[in-house]
Structure formats: structure tokens, C-alpha cells
Amino acid sequence: MAAATSEHAFQIADGFLGSWFGILILIGFAWALIHHMLGGLRHFVWDTGRGMGKPARDNLAIANLVASVVLTIIVVAIGFMVR
Amino acid sequence: MMAGNTMRTPLSRVLFLGAAHMGTTHFWRQRLTGAANAVLGIAFIILMLTVIGRPYADVVATLSSPLPALILVLLFISVAIHMRIGMQVVVEDYVHSESLKVLALVGSTFFTVAVAAVAIFAVLKLAFGG
């Protein structure tokens, strides 16, 4: 939106997203989206009738959390490397 | 269920669309857009990683080229539909007052359309050089 508005608007948005608070929001947002996506993939597994047992459900929930943190760290690391 | 005791018409039962006349439409659409979101979302992350920290002219050039612009527009449409259905599920589960529920659903629809329209317009403006 800012890029489509003007260069001045872009500078303001870019400056905010580059600040420590902006980066914190970006990381949190990335984690939330990745966790939500993995949760959705878990629903696709359940849709096939698999993984519905009590231990499988608990394991999937823990795997979801762990994988979302790991994937977020990878994405953020790539982000800092290419920046 | 005993057929003789139901108030539902034979047509209603054979159409299998339930009380809201939507049947499994939302269920299926949520999965369809979910799958689209996963694919487009990963493309979006890659796209963002290529523009992060770049100067204004580079970002505009990248986002206005055909493939990135198409990815963004398709993602916004898919996410908007997915978000709207998801919010309806939450509202229907947790908002018990009938009037508040309708208000929340209407507000949710307005919000979704507004966000999608602004986001898509921004990409089109970049792509067609406004």
C-alpha cells in the first residue's frame, strides 16, 4: 500500500518496519501465519481420517508448535542474511 | 430419524443443504482456500525475502512485474475468503446474542471486502503504473 502511494509513504513504512518494534511485529506475524498454516495442514491430515487418536493428537499439537518456531527462525534468518 | 415425524420437506432433505441452505459449501471452500493460501503464502514469503531492505525503486519494480503482482492478487482473494469464513465460524461459536451475531457477521463482511479491495487496488496501481 505504501509503495503504491508514494515514495514518501514508502520511506515511513520502510522506516517503521526496519525499527526493532517493526521487526518484532514482522517476526510475530510470520510465526502466527506459519503456525496457522501448519495447523491447517494438520486439518488436512485429519480430513483423511488419520492422526485422530489421543497420542497422535497430542504429538501433532507439539510438533505443530515446534515446527512453527523452527520454520519461523529459518525464515527470519534468511531474511536477515539477504537484507 | 423417523421420516414420519419430521417437519422438513422431502425436497429439503434430498438437497442436503441444512438450515443455512449452504450445506458443506463453507467446509469445502475453507479447505480449497487453505490449500491455495499455503502455496501462495510460501510464494509470498519468498517474494518478501527478495524485496526486504531494498530501495523504493527496486521494490516497486519487483512488485509491479506480472508474476509477483499475480501472486499477491490471488493471495489476497484467497486469504480474504478464508478469513471471512473463519471469522464466521468464530462468531457463530461464541457470539450468542442474535442481533450482535448478525452485526458481527455484517461487520466482518464489510471489513473483509474493504481490506481485500484496498490491498488488490494497491497492487493493480503498482502493476499498471498509477
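1. A residue is called buried here when its relative accessible area is under 20%, exposed when that value is over 50%, and partly exposed in between. By this rule Arg31(B) is buried, because its relative accessible area is 18%. The model under discussion is a predicted one, and the points below should be read accordingly.

2. Confidence in chain A may be stated briefly. The mean pLDDT of chain A is 93, and 100% of its residues score at least 70. Within chain A, helix α1 (residues 2-5) has the lowest confidence, with a mean of 87, while helix α3 (residues 20-47) has the highest, at 95.

3. The extent of the interface deserves attention next. Contact between the two chains involves 20 residues of chain B and 17 residues of chain A. About 1500 Å² is buried between chain B and chain A, and 74% of this lies on carbon and sulfur atoms. On the side of chain B, the residues that lose the most area to chain A are Arg31(B), Leu49(B) and Tyr56(B), which together account for 38% of what that side buries.

4. Polar interactions across the interface can be listed in a few words. Between chain B and chain A there is 1 salt bridge, and 2 residue pairs are found in polar contact, both at pLDDT 80 or more. Three helices of chain B, namely α2 (25-51), α3 (56-64) and α5 (98-127), each supply at least two residues of the side that touches chain A. The largest share comes from α2(B), with 8 residues. By residue class, this side of chain B divides into 14 nonpolar, 3 polar and 3 charged residues.

5. How many salt bridges does a search of the whole structure find over all chains? The search finds 3. One of them pairs the side chains of Arg31(B) and Asp47(A), at 2.5 Å from N to O. This pair joins two chains, because Arg31(B) lies in helix α2 of chain B and Asp47(A) in helix α3 of chain A. Arg31(B) is buried at 18% relative accessible area, whereas Asp47(A) counts as partly exposed at 39%.

6. The salt bridge between Asp58(A) and Lys54(A) has its closest N and O atoms 3.1 Å apart. Both residues lie in helix α4 of chain A, separated by 4 residues, about one turn of the helix. Asp58(A) has a relative accessible area of 34% and is therefore partly exposed.

7. In chain B, Lys101(B) forms a salt bridge with Glu98(B), with the closest N and O atoms at 3.6 Å. Lys101(B) and Glu98(B) both belong to helix α5 of chain B and are 3 residues apart, about one turn of the helix. Glu98(B) is exposed, since its relative accessible area is 51%.

8. Is Ser68(A) buried or exposed? Ser68(A) counts as buried, because its relative accessibility is 0%. This residue is placed in helix α4 (residues 54-82) of chain A. The side chain of Ser68(A) reaches the backbone oxygen of Leu65(A) at 2.7 Å. Apart from neighbours within four places in sequence, Ser68(A) is in contact with Trp31(A), Ile34(A), His35(A) and Leu38(A).

Note on methods
Residues are numbered from 1 along each chain as its sequence is written. Chains are lettered from A and ligands numbered from 1 in the order in which they are written. Side-chain values use heavy atoms; hydrogens and water are left out. Contact means heavy atoms within 4.5 Å. Buried area is the accessible area (1.4 Å probe) that two parts lose on being put together, summed over both. A salt bridge is a side-chain nitrogen of Lys or Arg within 4 Å of a carboxyl oxygen of Asp or Glu. A polar contact is a pair of N or O atoms within 3.5 Å; within protein, one must be able to donate a hydrogen and the other to accept it, and residues adjacent in sequence count only if both atoms are side-chain atoms. Ala, Val, Leu, Ile, Met, Phe, Trp, Tyr, Cys and Pro count as nonpolar, Asp, Glu, Lys and Arg as charged, and the others, Gly among them, as polar. Buried means under 20% relative accessible area, exposed over 50%, partly exposed in between (1.4 Å probe, protein chains only). pLDDT is the predictor's confidence in each residue, from 0 to 100.
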